[in-house]
Amino acid sequence: MADQYDIIIIGGGVIGCMIARYLSRYQLKILLIDKESDVGSTTSAANSALVHPGYDPVPGSLKAKMNVRANPMWDELANELGFDFAPSGDYVVAISKEELPKLDQLMQQGRKNGVPGMRLISGEEMRLREPLINPQVSGAIFAETGGICDQFGVVLGAAENAVQNGVTILLNTTFTGFIFENKRIVGIQTNQGEHRCRWVINAAGLFADEVMHLAGIRPEFKITPRRGEYFILDRAEMVIQSVYFPVPTEISKGILVANTTHGNPLLGPNAQEIHDKEDRSNSSEGLQEVLDGAKKLIPSLNPRTIIATFAGLRAGGNAACETPGVSYGHDFIIEIPHAVKGLVNLGGIESPGLTCAPAIALYVMELMKEAGEILEEKKNWNPIRPPRPRFRYLDNNQRQALIQKDEKYGRIVCRCENITEGEIVAEIHSPIPARTYDAIKRRTWLGTGRCQGGFDMPRVTAILARELGIDPLQVSKKGAGSEFLSRPTKMVGVQDA
Ligand SMILES: Cc1cc2nc3c(=O)[nH]c(=O)nc-3n(C[C@H](O)[C@H](O)[C@H](O)COP(=O)(O)OP(=O)(O)OC[C@H]3O[C@@H](n4cnc5c(N)ncnc54)[C@H](O)[C@@H]3O)c2cc1C
């Protein structure tokens, strides 16, 4: 007999986890499933990590409404969920006089969307604020409500807080189909068995189109991934003060240069339509495009300071903006469709989906209430996710006290980022246990420095094997099929003989 839930959420990216977190406030039995071995390991992990002010989306679109509603929520959210967030502001930079009219258009769009705190500054002021900016800068928009966040911490914070408040999360669990009774969804099938429920929430990111098609709705809706590639630079080599966008193009906000919450400068992304929803590879042409684009803003960028590359996939769909008189623009889908009962359907949650996540969660709750769901508050809901110690941010007295409590905090495993064995072990035994190298990396920032894990990887493998009680051969980078080791070294001669 399948277990019975009130709500099942398909997808543990930032959208699914944030919805789970906000819904965990109510007396509901909630299950969240994800096909990967960790939450937030696909698009929600590979993006620019910016909290957008809301001047980019087409006025009247759901994207614009969600963005402007979400932006002021971030300060409180960061405090409650214990992730890094810096309200640094952001800039749109015009290079040459020809680009100046675009700034006026963007200012008007921002005003229409209701974005507070935007103003035009001169080229001279921009040069003073960012000494590394292209000297040809002719003017800029400064938007004081822009910000940067640790996107891994956001998803993990939301997911852990949901678990703390009673939500069940099943990883390595792939949704394969719906169970219907008449035209009502009453459950889901997965590769791990069936689960019954009253509601399903489709938060499957790049695969949301396939999920809604299995529910029999929006057959015309198709997600075409748009890949964005990035460089990360060594923070010891260059300090970027804020977030700098070029003037936007028709299809993207353009290649930006930004500071990150960890201090490493970030360059990217470009925008290439591709067909494979799993293809997060980099291409030499794409990376060259990123470097050229970034140099337009900061000409002194030195490729020798690059320490890592990565790529993320935007889940762009073909749902048109339904704003009267607007012909361009794809919008988010967030709806309770009439054709089938028991489904909250989300799709096309591309940028600024990370920013919008808390507002999308509230909107989903409002839609459910309108559809007749009675949401009764729990008496003991706790919005605070307790933070775990982060050795590198502690002073010497705090470090000493921590080491006295647990000597594992006295053993540095990642030398570039100062991450201790104590922190790694804490993540392995946390509410959503880190079971792979990448899961530990996302949670602690280990392996992201100049050596890119060259020193820590063997030690992390040994710690994972010890703590999880598994063979080191089973320890993987990101789940089955990505194991680091193939056999004990001493067997090489035996097998090859
Ligand atoms: C290059 C790039 C830059 C961006 N920059 C920004 C930015 O700076 N600011 C901003 O606000 N937004 C940004 N975004 C957008 C933002 O990253 C996304 O909108 C957001 O991460 C989408 O979250 P999600 O939960 O919908 O999707 P995902 O993170 O993809 O989560 C969906 C989850 O569903 C799971 N899933 C899929 N199918 C199944 C199935 N059949 N069974 C079980 N699980 C399944 C997946 O494994 C995945 O974990 C950017 C995106 C990209 C790609």
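Let's start at the ligand, where one of its nitrogen atoms sits 3.1 Å from a polar backbone atom of Lys-35. A polar contact here is a pair of N or O atoms within 3.5 Å.

The protein buries 97% of the 1000 Å² that the ligand exposes when taken alone; accessible areas come from the Shrake-Rupley method with a 1.4 Å probe.

## How the model is read

Please keep in mind that this is a predicted model, in which local features need pLDDT of at least 70 and side-chain atom pairs count only at pLDDT 80 or more, while totals for chains, interfaces and linings use all residues. Residues are numbered from 1 along each chain as its sequence is written, and side-chain values use heavy atoms, with hydrogens and water left out.

## The shell around the ligand

The ligand is surrounded by 35 residues (a heavy atom within 4 Å), and the closest are Asp-34, Ser-44, Leu-50, Ile-349 and Thr-355. Sorted by class, the shell holds 14 nonpolar, 16 polar and five charged residues. In this scheme Ala, Val, Leu, Ile, Met, Phe, Trp, Tyr, Cys and Pro are nonpolar, Asp, Glu, Lys and Arg are charged, and the others, Gly among them, are polar.

Which elements give two or more residues to the shell? They are helix 1 (14–23), strand 18 (306–314) and helix 9 (353–370).

## The chain as a whole

The chain has 14 helices and 22 strands, taken as DSSP runs (H or I, at least four residues, for helices; E, at least two, for strands) and numbered from the N terminus. Its radius of gyration is 23 Å, close to the 23 Å that the globule rule gives for 497 residues, so the chain is as compact as a globular protein of that length. That radius is taken over C-alpha atoms, and the rule is 2.2 Å times the number of residues to the power 0.38.

## Cysteines

With a disulfide defined as a pair of cysteine sulfur atoms within 2.5 Å, the count is zero. Cys-356 is buried at a relative accessible area of 0%, and its sulfur is 12 Å from the closest cysteine sulfur, in Cys-149, too far for a bond. Cys-451 is in no disulfide either, with the nearest cysteine sulfur, that of Cys-416, 3.9 Å away. Cys-451 is partly exposed, at 24% relative accessibility.

Key:
Buried < 20%, exposed > 50% of the residue type's maximum accessible area, 1.4 Å probe, protein only. Polar contact = N/O pair within 3.5 Å; in protein donor to acceptor, adjacent residues only side chain to side chain.
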